[in-house]
Amino acid sequence: MANSIKSGIAMLKVLESWGVDHLYGIPGGSFNSTMDALYEEQKNIRYIQVRHEEAGAIAAAADAKLTGKIGVCFGSAGPGATHLFNGLYDAAMDHVPVLALVGQVASTAMNYDSFQELNENPMFADVGVYNRTVMTPESLPHVVDEAIRRAYEYSGVSVVTIPVDYGFKDIPDIPVSSAGSHRSGVPSPDVKDIDAALKLIEKAERPVLYAGQGCRNAAKELLACSEHFSMPLVMSVLSKGIVPESAENFLGSAGRLSTKPANEALAASDLIFFIGSDFPFAKYFFPRDAVFIQADIDSSKLGRRHRADVSILGDAGQTLRLMAERGKKRAPSAFLTACRENKKNWQNYIHSFDDRNDEPLRAEPVFKEINRIAAEDAVFVTDVGNVTVHAVRHLAMNGKGHRFTTSGWFATMGYGLPGGIAAQLSFPGRQIFTLNGDGAFAMVMQEIITQVKYGLPIINIVLSNNSLGFIDAEQEDTGQPKFGVDLQGADFAKAGEAMGAKGFTVTKRDQLREVFDQARQSKVPVVIDVKIENKRPFPAEAMVLDPEKHTVQEIAEFKKRYEADMPILRDLMAENA
């Protein structure tokens, strides 16, 4: 007769077989059987007690983004389950594998309107690629194994609801896992499509290479292709760090979280080679009449954002290599030369504020210090808002060991602190920064307690401007009164100290160096609250610099407000013609 095992323990052994070594959540009565199993398996899988289930789900999503491995979180029946949604939608919309285990009342109490009982399955129907309620104790390990397989296959969220009594039941101790059979692969591009694309590139005068996360393992090929075809390179925000900021042809990112040279290059382009991305704002920043070549491993994305003249179904690295091998090398064009000059002008502009003594501070001196103390393999976890704009522009990513993550399509505030926890747990020996606005930090600052409890020496930076600055700018652009965007200030450094972290409040530039030096040496979490001015970052998405579109007075007012006196790309192209 086969030996027996508690169903809950058997389920955890499935997680362990897939390489899961930690998970996040808060206990509840409807999750007690799994908590008991976690107690029994604590040498093999680590339970991380967050202070809000939302933070646990966001941390699980960040785990998946940073490592490619499935992230795992849980919530008990009722409020524990509903608290998971923010993090699960972040994972779903950024297409990463996450497993959510959801508690349910005992099977004998279901459908009796029991305490905290909800019909949970329909709640998760939209967010989940797999969504099941376990029906027997024996099936629990199998359902979780299937959930993990589906999450990996569809790069999304799997949800498993577990009646609390099942995990306590004895079932036959028969290993249930398909982890050893799991394989992943990508399609190889068709040479006919490659050659068709090359013909279009040969004819183009102002081609731009736009790359996304699909190029994460193809940095060398990406830079080689950009150089071979003399194409300026623009990349999505989520792919920041794949190539070094110093790469001559790399112009930054496009859209609102952007740089001036990247937006201008796209606007002037007559061909866009769009690879490994699903940029949702393409219709606003890509010329409608530009020739469009798209390469992706997902056929459903081909032609989704712009009419595609040539579609290539295939891996980014293979596609880029074939393009460079089969295509004619192009000499640097006047367009590329102008784009390079535009980048130099932009870099000179943004660094002109690095040593300013403004009070309140500007953001640039803060990022100068971040870049100064950042280790070669530092991980930067960026929250959502104006802090994202600053991070995209000012973090000097080296294209080697540095990693960057944020909440992309879902763009949830409150990503920074939970993401930092995930980063430090996944990379215990590396330096971790979280970059937060004061609005986002206040949403999840209780997770400093989590960082303290588990001894995670994360450097948490808060840019406090007493405003929801990103929304403030949106209200300005729509011409409406600014309302609801001002925030009551707080001393977040003292709050951090009250929760067990080291806290520093910075109001002057000459305080920065000493504070950051102390933060670099700290063995416990640090909260650095920097009081910055509530001033809109240079709006690269809405520049008022072109005399063909704006009056002399409008341009003068814009230059004065942003202290910006840079030529536009068209003038640089004319100089290099």
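I began with helix 21, where the face turned away from the buried side carries the exposed residues Glu 514 and Gln 521. I note at the outset that the model is predicted.

**Entry 1: the buried side of helix 21**

I next looked up which residues of helix 21, which spans residues 512–521, are buried. They are Leu 512, Val 515, Phe 516 and Ala 519. These four cover an arc of only 95 degrees around the axis, which puts them on the same side of helix 21. I then asked what the buried residues of helix 21 pack against.

**Entry 2: the largest nonpolar core**

I turned to the largest nonpolar core and recorded 38 residues in it. Tyr 24, Cys 73, Leu 88, Val 98 and Phe 124 have the most contacts inside this core. Several elements give two or more residues to it, among them helix 5 (85–93), strand 5 (98–104), strand 7 (157–163) and helix 16 (416–426). Helix 3 provides the largest share, 8 residues.

I followed Leu 88 in particular. Leaving aside residues up to four places away in sequence, Leu 88 touches Ala 57, Cys 73, Val 98, Ala 100, Phe 124, Val 127 and Val 157. Apart from this core I noted another, of 34 residues, which includes Ala 10, Leu 38, Tyr 130 and Val 144.

I looked up an open sheet of 6 strands and wrote down its order, 11-10-9-12-13-14, with parallel pairing. Which strands stand at the edges? They are strand 11 (250–252) and strand 14 (310–313); each has a single partner strand, so one side of each is left without a neighbour in the sheet. From one strand to the next, the twist averages 20 degrees.

Strand 10 (residues 233–235) pairs with strand 11 in the parallel sense over 2 bridges, and Leu 233 stands opposite Phe 250 in strand 11.

Finally, I checked helix 8 (residues 191–203), which lies across strand 12 (271–275), strand 13 (291–296) and strand 14. Helix 8 runs at about 140 degrees to strand 14.

Note on methods
Residues numbered from 1 in each chain as written. Predicted model: local features only at pLDDT ≥ 70, side-chain atom pairs only at ≥ 80, totals over all residues. Heavy atoms only, no water. Pairing = 2+ DSSP bridges. Axes fitted to C-alpha atoms, helices over the stretch in contact; angles between N-to-C directions. Contact = heavy atoms within 4.5 Å. Core = buried A, V, L, I, M, F, W, Y, C linked by side-chain atoms within 4.5 Å. Buried < 20%, exposed > 50% of the residue type's maximum accessible area, 1.4 Å probe, protein only. Arc of directions from axis to C-beta.
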